[in-house]
Amino acid sequence: MFLHNAAHPSDTSFDLAFVFRLGASTDLDLLIDATQAVFTACPGISTTFEENPSGIEAIVRPSAASVEVSSLDPTLAGAPVSDRDAAIARKTQEQIEAGPIMPEDPKQVTARFYRGPDVHHMSLVASHLVGDAYSFYRVVGSISELYARPRSEWADVLGELSEHPGTIAPVPTTAAAVSRYRELLTGVESFTHTGLKVSRIEGKIIGERHRRVISGPAAERIRSSGEFATFGAATVFFAAYAATLQRLSGEEQVVLGVPLAGRAGYRAKGAMGFFVNTLPLPVRITSAETWRGLCEQVKSGIRVLQSNQGLDLAGPDGTELTSGTYAGIDNAVTFYKQGLVLSLGSTEATSVPLQRAALSYPFSATVSDDGSEFVVEVGVADHLIDTHPERLFDEALDAIVSRPTAAVVDGSVFVENVADDARATGPTVIDAIEAIAANKPNAISLRMGTEALTYSQLVALYTSAAGVLDAIEATRLVVVSMAPSIDAVVAMLAVMASGRTYVPVDPAAPSARTSLILSRVEEENGSRPTTLVDGRLLSQSADSNVVNGNALVRSRRPARLLRRPTMEDRAYIIFTSGSTGEPKGVVIPHHNLTALLSAAETRVGYLEGDTWCLFHSLAFDFSIWEVFGPLTSGCTLVIPRADQVGNPEAFARFVEREGITVLNQTPSAFRRLTDALVRAGGRLPSVRIIVFGGEALYPADLREWFARISPQTRFLNMYGITETTVHVTLKEINQDAVDFEHRSLIGEPLPHLGALVVDSFGRPCPPGVAGELLVTGAALAEGYLGQPDLTAKRFRSVRLTDGVRRAYVTGDRVRRDRDGELVYVGRLDDQVQLRGYRIELGEISSALVATGHVRATVVRVIKKEGSQPFLAAWIVPATNDALDTDTIAAARRALADRLPPYMVPAVIVPVDAIPTTKNGKPDMAQLPLVSAADEAEGGAAPSDLASRIALVWEETIGAGRVRAHDRFMEVGGTSMHVMEVHDRLHTDLGLVDVTLIDLFEHATPAELAAFVLTRSGNS
């Protein structure tokens, strides 16, 4: 507790507080004397803690615990009792929130008495350092006993309170008990849960406490159940808590934090002090586990913990058990055999509930059982409030009592039934283009440089080219390997207009990738595919199936199509690598395209006279939207040259010159464009709408544009996937989001699609809990070309309220916020394990951008032989920040307020820009390697003292190499290691002036060394 106080000096959550309303017949003077007598008799609650060169010293200050008498506010004298209860509760809460009781404070415990005209009040506020819950049950029990006895008998009671906790030996632990615990911990990968991760606000976890009293028939129903009789109250409530924790985490294995008494023997039970030892209890809830089985698992685990309640997880046994990865828990569940009761004989003393906003953990529960009723208090951090864990807890408790043999995990949406997709109706994209040509034949459809095509010319060209494809008996699947150009767009339209399927391949793609795609298409066709290429490349191929795409488009021969495309025909197949790296052909029928364009037109708000730009490779599915969005709505599509796309300055000039009004960008490409405009002082007043896709967008990405380029631009974040036909959701990002939001907001599904968020068991996640996104609706791909097993794995059947439907399993983690909108968290395969923690790399990227010091970033785990894995971040500094160590330091300081220490990158590498692929996404292969100096030290060369401090850390923590710029928690350090590190700095390095507070404030060896050397006047 001392170390927690040092790390979070403003956290008040662990201070204890109780309020009682006392009946009118209370002998208040007698009660005050009894309280003072108990306080005086207990040396533990009159102990303060001070740090000196030899360590932490416990100093007993006799009679330091304070008893104060106050008068009730005169304005409340005639108020209802409930108003007076509320007033005293508020005063007590204010007393707590004024600041935690510091270790050196002489008043570690304070009792206040408020005299009233008919009822009185008593409050008790105490530091957790000098007493655990058992201690204060004993204190209040002793006060009650003195109140009931003649003063002449008080000495007998007080004599039993004289033991000082510092004289009590820890509970012994046997080798057999440790062995059983080792077996219980086998397979535990993490002691914390990503779903509970929380950012402290001014050092505090802010949230709510939900208190529920279970009494009468409801309590009797629990007590009369078979599970209660078999396992007991603690196990039943702990099992309900474990199931609730699983719903919050979405993980099969959860770890409960279980506070244990840590007392053995008569002396320990009589001493007032902090003995509690909180140990992790792992529970694995598989899809086959029943509620009864869960109770058995919990009961068995509690027994193992009870036999190890004296185990020091920071000691040799504990380090060996957890492989040095245990750094504390993130939740706690506690059971008391009764509530805290002040017994005053025939006089009624009633507990008054307190509403405290500061929580000790993001999720916790305490349960007390007085034999007639249960009192349950569930603590919930702000980010989990909409999840309503208190309701999930009640539901789990009810299931244990009423359905003990039922499975804990139920409600999966996945079914084995074969489902059909919804189908869009209406014209194909070819029909839509031809309808525009009939109505507005002279409107410009395509433009590149000085060449332009009207809609009537466009239709004539692609119809002619489609006739040529018929004439040469082109294969059903036609590969188009052409750079973006008017001819390339006409070629793709010709393929579709002939009823064939367009398969784009980037001409610049690696030959191995191209060969693999061609072989897959050949397998589907039954022969080598017809391939359209740019004429200048034709000489490089002797294959008769390779056709000059430019000549085909410009043939201008009259043609009558043998067949027109139908809604059921395949429109295109785009090969995407996804997370496997191996191209997969995603098959999209015409009705998907129609559904997308019909749903998006009104939501996006583009107009008939808009001018769009084809920015992306035709092999990237974003280009499908860029081509058909304008051409099916009467707009103009302008095509830039490759050198303009690749040069942000040149592209900015292109956009301005061509009057582009609708622009589509990946966030990475947009940041480069913004940088170029800011450097040149440029503005793009014509751009009305920018649509984002392809990767995560964070509102801070838009800050510079809003402030310095064009505040009138509408920004639309359209999350999407190739397998669901380009776009899935839409979220307009406004100025408020840019100023106050740091999450990647993706909004709500477009009207033709639906979204489900499910946990690893396929159960719908509660609001606020991250899970995997499933997409349903009218735009799901047929599947993967020639890969039925993969198709069956990623396209599943799910049961919805309106029947069984197909769903695409995205592999993306999202959560619903309180208004039902979706927030992107990251890829499932972007969740990494590092030193016992599960970490979302996307969350770190989001936090870096939100600091205001970073415009763009990529975060990865670096694993190199001979060293521990560590987090590295490549950052593009904000416009006003330089590429130097000051920027890195500023980003680190800002991150410390947003992320737990283990998520702060050990190495931060500033770069001018994040390199991008041809599709505008980050190109990981082009990022600068972490240099030897960076890997070794994370920045500037360490001083000799920093290296020696790092060695002390390394030997104490025992989790691998420690570098001078590593943060304590990042390398496996815990609050339990701090004391040994502190001692060794004194004894081994002679740093006798370094305090525990210094270790927390200067959290790397380099920072601590610099602090020591600066204070001593050395350099």
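Predicted model: local features only at pLDDT ≥ 70, side-chain atom pairs only at ≥ 80, totals over all residues.
Biologist: Why are α15 and α16 called oblique to each other?

Modeller: Helix α15 (residues 455-471) packs on α16 at about 60 degrees, with the axes 8 Å apart; the axes are lines fitted to C-alpha atoms, for helices over the stretch in contact, and the angles run from 0 to 180 degrees between N-to-C directions. Angles under 35 degrees count as roughly parallel, over 145 as roughly antiparallel, 65 to 115 as roughly perpendicular and the rest as oblique, and α15 and α16 are therefore oblique to each other. Helices (H or I, at least four residues) and strands (E, at least two) are DSSP runs, numbered from the N terminus.

Biologist: Which residues make that contact between α15 and α16?

Modeller: From α15 come L458, L461, Y462, A465, A466 and L469, and from α16 come V490, L493, A494, V495 and A497, where contact means heavy atoms within 4.5 Å. These residues divide into eleven nonpolar, no polar and no charged, on a scheme in which Ala, Val, Leu, Ile, Met, Phe, Trp, Tyr, Cys and Pro count as nonpolar, Asp, Glu, Lys and Arg as charged, and the others, Gly among them, as polar.

Biologist: What makes α14 parallel or perpendicular to α16?

Modeller: The axes of helix α14 (residues 429-439) and helix α16 (residues 486-497) come within 10 Å and cross at roughly 115 degrees. That makes α14 roughly perpendicular to α16. The contact joins V429, I430 and I433 of α14 to L493, M496 and A497 of α16, and its residues divide into six nonpolar, no polar and no charged.

Biologist: Why is α9 called oblique to α13?

Modeller: Helix α9 (residues 233-249) and helix α13 (residues 389-402) have axes that come within 8 Å and cross at roughly 130 degrees. That makes α9 oblique to α13, and α9 passes α13 in a right-handed crossing. On the α9 side the contact is made by V236, F237, A239, A240, Y241, A243, T244, R247 and L248, and on the α13 side by P389, L392, F393, A396, L397 and I400. The residues of this contact divide into 13 nonpolar, one polar and one charged.

Biologist: What makes R556 count as buried or exposed?

Modeller: R556 has 54% relative accessibility, and therefore counts as exposed. R556 lies in the loop between α18 (549-553) and β22 (570-576), and it is not a glycine, yet has a positive phi of about 50 degrees.

Biologist: How do you know that T334 counts as buried?

Modeller: The relative accessibility of T334 is 12%, so T334 counts as buried. T334 lies in strand β10 (residues 331-336) and, leaving aside its neighbours within four places in sequence, is in contact with F238, P259, A365, T366 and V367.

Biologist: Why is Y137 called partly exposed?

Modeller: Y137 has a relative accessible area of 23%, and so is partly exposed. Y137 lies in helix α4 (residues 133-148), and its contacts, neighbours within four places in sequence left aside, are Y336, Q338, G339 and L340.

Biologist: What makes helix α27 mostly covered?

Modeller: In helix α27 (residues 841-850), nine of its ten residues are buried, among them L841, I844 and V849. Just after α27, G852 takes a positive phi of about 90 degrees.

Notes. Residues numbered from 1 in each chain as written. Heavy atoms only, no water. Left-handed = near helix turned anticlockwise from the far one by under 90°. Buried < 20%, exposed > 50% of the residue type's maximum accessible area, 1.4 Å probe, protein only.
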